[in-house]
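These are my notebook entries on a protein chain.

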Amino acid sequence: MPIIKSIHWEQDNPEELVYKFPFNNIALGSILTVNESQEAFFFKNGTLCDSFISGRHTLSSANLPVLQKFVNLASGGETTFMAEVWFISKLEKRNMFWGTGGLRIIDPYFQIPIKLSSRGQYGIRISDGGVFLKKLIGTIGFGDASLIEDQFRIDVVESVKVSIAKYMKENEVNINELGSEYRGLAKETAKNLQLAFDEYGVELLNFNIEDISFDENDKGYQTVMEGIAEQAKLSKLGVSYLQQKQLDIAQTAAGNEGAGNFMGIGVGNNLGEVVGNSIKQSGLTSPLTGSVPQLPSYYVAKGGQTTGPYSIDIIQNMIQQKEITATTYVYRIGGQAWILASEEPDISKILSLMMPPPPPPAL
């Protein structure tokens, strides 16, 4: 076997990341040439012994202190030793494409799964060649950019999925607004993805998101878009989406409670509990929405009996049906006495909007 006197890697393919020198019979006094943006590593029996940065190095026992412990290098003479020499390219590799489709994330506001696709680019640079060789290359003997893309494809997809949901929640961004948030979202994704790359001695460069698209035929997407539209409409009125849903539930509960006739006002004490339980069962309670708005409800005296309680919208219907007039007695829940409907402020407003009686006959 020839004694190797010159060790180098003439890198002619920028896609290549590693190169294993084909001979392992190394002699002291050999010249190791490491080009710019390269690093050389000596291995003995699978153990990393020494490394060299760019430059021209004459191998000697002086500059191979760790390897000397393994092979008992002599201090003079033409001593040969067995070692594997690997070269690592530290050039930046950019314009690596990533893409994923069919991802499902949970919309953080409406808690509805949405199907999406996303794509973009990123770059890499080997930051720790020793770790990269030991953990990723192993005994393969070669490595290029496609190896990185294959190795980290799942990590990229998972990081994009988690980061989108987290970013939307923490920044209160809905799917309609994501198009203007690519830069912030890419930064969040890159931070999470770098943790996976660190394990292999790789630095992530310029991760970006070029597009996020949604399946418009997906029922989850359609439901969320309808919710966003309703939320935008309600925000004009100063009411949150959750508050409106709580109002709907409260009105339904009050209407159901008022379906029959009850004797005495004590029955109405259960109304708050009914409304509260209905809202809890709906899952719409939230510390961000504050307390549930209290809707006025009333008992109505009809034929000498107490009926109700009725919510204000039902009271309005009863006025329209002439079941309640200005001289009907009503009792507001939380009030102190029965009063005429015309004396109750909220009901009086409704009465004033109704069609007035016919004018008196002309004289």
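**Entry 1. Strands around β8**

I looked up Val18 and found that it stands opposite Ile88 in β8. The model is predicted: I used local features only at pLDDT of at least 70 and side-chain atom pairs only at pLDDT 80 or more, whereas totals for chains, interfaces and linings use all residues. Residues are numbered from 1 along each chain as its sequence is written, and side-chain values use heavy atoms, with hydrogens and water left out.

β2 and β8 pair in the antiparallel sense over three bridges; two strands count as paired if DSSP finds at least two bridges between them. Helices (H or I, at least four residues) and strands (E, at least two) are DSSP runs, numbered from the N terminus. Six bridges join β8 to β4, again with antiparallel strands. Here Glu39 stands opposite Ile88.

I then asked why β8 is described as enclosed. Five of the six residues of this strand (residues 84-89) are buried, so the rest of the structure largely encloses it. Buried means under 20% relative accessible area, exposed over 50%, and partly exposed in between (1.4 Å probe, protein chains only).

**Entry 2. Trp9**

Trp9 sits in the loop between β1 (4-7) and β2 (18-20). I noted a relative accessible area of 3%, so Trp9 is buried. Leaving aside residues up to four places away in sequence, the residues that Trp9 touches include Val18, Asn35, Phe87 and Ile88; contact means heavy atoms within 4.5 Å. Asn35 is 26 residues from Trp9 along the chain, and their C-alpha atoms are separated by 7.9 Å.

**Entry 3. Lys44**

I looked up Lys44 in strand β4 (residues 38-44). A salt bridge requires a side-chain nitrogen of Lys or Arg within 4 Å of a carboxyl oxygen of Asp or Glu. I did find a polar atom of the Lys44 side chain 3.1 Å from the backbone oxygen of Met82.

**Entry 4. The sheet of β12 to β15**

Four strands form an open sheet with antiparallel pairing, in the order β13-β12-β14-β15. Its edge strands, β13 (305-311) and β15 (339-340), each pair on one side only. I checked the cover of β13 and found six of its seven residues buried.

β12 is joined to β13 by five bridges, and the two run antiparallel. In their hairpin, which has two residues between the strands, Gly303 takes a positive phi near 60°. Three bridges join β12 (residues 297-302) to β14 (residues 329-332), also antiparallel. Val300 stands opposite Thr307 in β13, and its bridge partner in β14 is Val330. I also recorded Arg332 in β14 as the bridge partner of Tyr298.

**Entry 5. Salt bridges**

I asked how many salt bridges the structure holds. The count is 13. Side chains of opposite charge can pair when their charged atoms come close.

The side chains of Lys302 and Glu323 meet in a salt bridge (3.3 Å, N to O). Lys302 is in strand β12 and Glu323 in the loop between α8 (312-320) and β14, so this pair ties together parts 21 residues apart in sequence. Lys302 is partly exposed at 32% relative accessible area, and so is Glu323 at 38%.

Asp346 and Arg332 form another salt bridge (3.1 Å, N to O). This pair links distant parts of the chain, 14 residues apart: Asp346 lies in helix α9 (residues 345-353) and Arg332 in strand β14. I noted Asp346 as partly exposed at 25% relative accessibility, and Arg332 as partly exposed at 33%.

Within helix α3 (residues 145-171), Arg153 and Asp150 lie three residues apart, about one turn of the helix. The closest N and O atoms of their salt bridge are 3.3 Å apart. Lys166, Glu188 and Lys191 are linked in a network of salt bridges.

**Entry 6. The chain as a whole**

Finally, I recorded nine helices and 15 strands. Of the 363 residues, 39% count as buried. Among contacts between residues at least 6 apart in sequence, 66% join residues at least 24 apart.

Conventions:
Polar contact = N/O pair within 3.5 Å; in protein donor to acceptor, adjacent residues only side chain to side chain.
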